[in-house]
Amino acid sequence: MGGVSFIVLVLIGLNVLISWKGFNDLAFFDKYKFQVGPIVNRKEHYRILSSGFLHVDMMHLLFNMLTLYFFADFIIQFYASPKSMFYGDYSLVNMNLGYGMFLLVYLASVIGGNVLSLFMHKNESYYSAVGASGGVSGILFAAIAAFPELELRIFFAIPIPAWIFGILYLGYSVYGMKNNVGNIGHSAHLGGAIVGLVATLIYFPELLQYNLLYIIGMMIPLGALGFLMIKKK
């Protein structure tokens, strides 16, 4: 796939710089983190995006940036010319389109993840969260939608097909969100994953023909999420 794209390095750099500022400036961190109360009551909607560039600690930042680093160029190349991946037709490769779609999906996934969090925790004024996990989940699931047979490695060691990982990840996220498992923003992960998956299917609908069974499998836990959302109303 070649070297890491400049736009990916810029995005990682922004996450590092803004997170580092947050590590050392609590007032800055509190002002820009996702928190239901200020968003709903004071209309501080910028937090829905700004919180995606803050992290709790260095390990949180490192894990998200490593995941982004490993998957970003896969999906940039796909967005640049999906037909080249399936038909070997490299005549319509448009790298600017690839970069633009990558950035759009990443940012939309950050926003989508936090919008879902806002909906699921709308009655919890003190609920707060930070992290690029929504955006990273969006890019990860865009890659899974395009390359479901790609081999992933859990904890960088245990091999697993991407489509199986996708089903397990979504299923655990729905379970974790319903049962408040751990200090993890499960709803942000889910919202970002949904945006990445759906955006990629809209961008190249032929994936429904090539990867239909894999995609149906991933829709099962999302159906459970839909049921929970209906009950939440």
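Me: What does contact mean here?
Reply: Contact means heavy atoms within 4.5 Å. Helices (H or I, at least four residues) and strands (E, at least two) are DSSP runs, numbered from the N terminus.

Me: And what sort of model is it?
Reply: This is a predicted model, where local features need pLDDT of at least 70, side-chain atom pairs count only at pLDDT 80 or more, and totals for chains, interfaces and linings use all residues. Residues are numbered from 1 along each chain as its sequence is written, and side-chain values use heavy atoms, with hydrogens and water left out.

Me: OK, helices. Which residues of α9 meet α10?
Reply: From α9 come Tyr169, Leu170, Tyr172, Ser173, Val174, Gly176 and Met177. They meet His186, Ser187, His189, Leu190 and Ala193 in α10.

Me: How many of those are nonpolar, polar or charged?
Reply: The contact of α9 with α10 has seven nonpolar, five polar and no charged residues. Ala, Val, Leu, Ile, Met, Phe, Trp, Tyr, Cys and Pro count as nonpolar. Asp, Glu, Lys and Arg count as charged, and the others, Gly among them, as polar.

Me: At what angle do the axes of α9 and α10 cross?
Reply: Roughly 140°, and the axes of α9 (residues 162-179) and α10 (residues 186-203) come within 8 Å. That makes α9 oblique to α10. Axes are lines fitted to C-alpha atoms, for helices over the stretch in contact, and angles run from 0 to 180 degrees between N-to-C directions. Under 35 degrees counts as roughly parallel, over 145 as roughly antiparallel, 65 to 115 as roughly perpendicular and the rest as oblique.

Me: Is the α9 crossing with α10 left-handed or right-handed?
Reply: Left-handed. That term applies if the near helix is turned anticlockwise from the far one by less than a right angle, and right-handed applies if clockwise.

Me: How do α7 and α10 pack?
Reply: At an angle of about 140°, with their axes 7 Å apart. α7 and α10 are therefore oblique to each other. Their crossing is right-handed.

Me: Which residues make that contact?
Reply: Among them are Leu97, Met101 and Val105 of α7, and Gly191, Gly192 and Val195 of α10. By class, the contact of α7 with α10 has eleven nonpolar, nine polar and no charged residues.

Me: What about α5 and α7?
Reply: They pack at about 130°, with axes 7 Å apart. α5 and α7 are therefore oblique to each other. α5 passes α7 in a right-handed crossing. Leu68, Ala72 and Ile75 are among the α5 residues there, and Met95, Leu97 and Gly98 are among those of α7. The contact of α5 with α7 has 13 nonpolar, two polar and no charged residues.

Me: New topic, rings. How many aromatic pairs?
Reply: The count comes to 14 aromatic pairs. Rings of Phe, Tyr and Trp (its six-membered ring) pair if their centres lie within 6.5 Å. Planes under 30 degrees apart count as stacked, over 60 as edge-to-face and the rest as tilted.

Me: Are Phe34 and Tyr127 buried or exposed?
Reply: Both are buried. Buried means under 20% relative accessible area, exposed over 50%, partly exposed in between (1.4 Å probe, protein chains only).

Me: Last one. What does Ile39 touch?
Reply: Phe34, Glu44, His45, Arg47, Ile48 and Leu118, not counting residues up to four places away in sequence. Ile39 is in helix α3. At 2% relative accessibility, Ile39 counts as buried.
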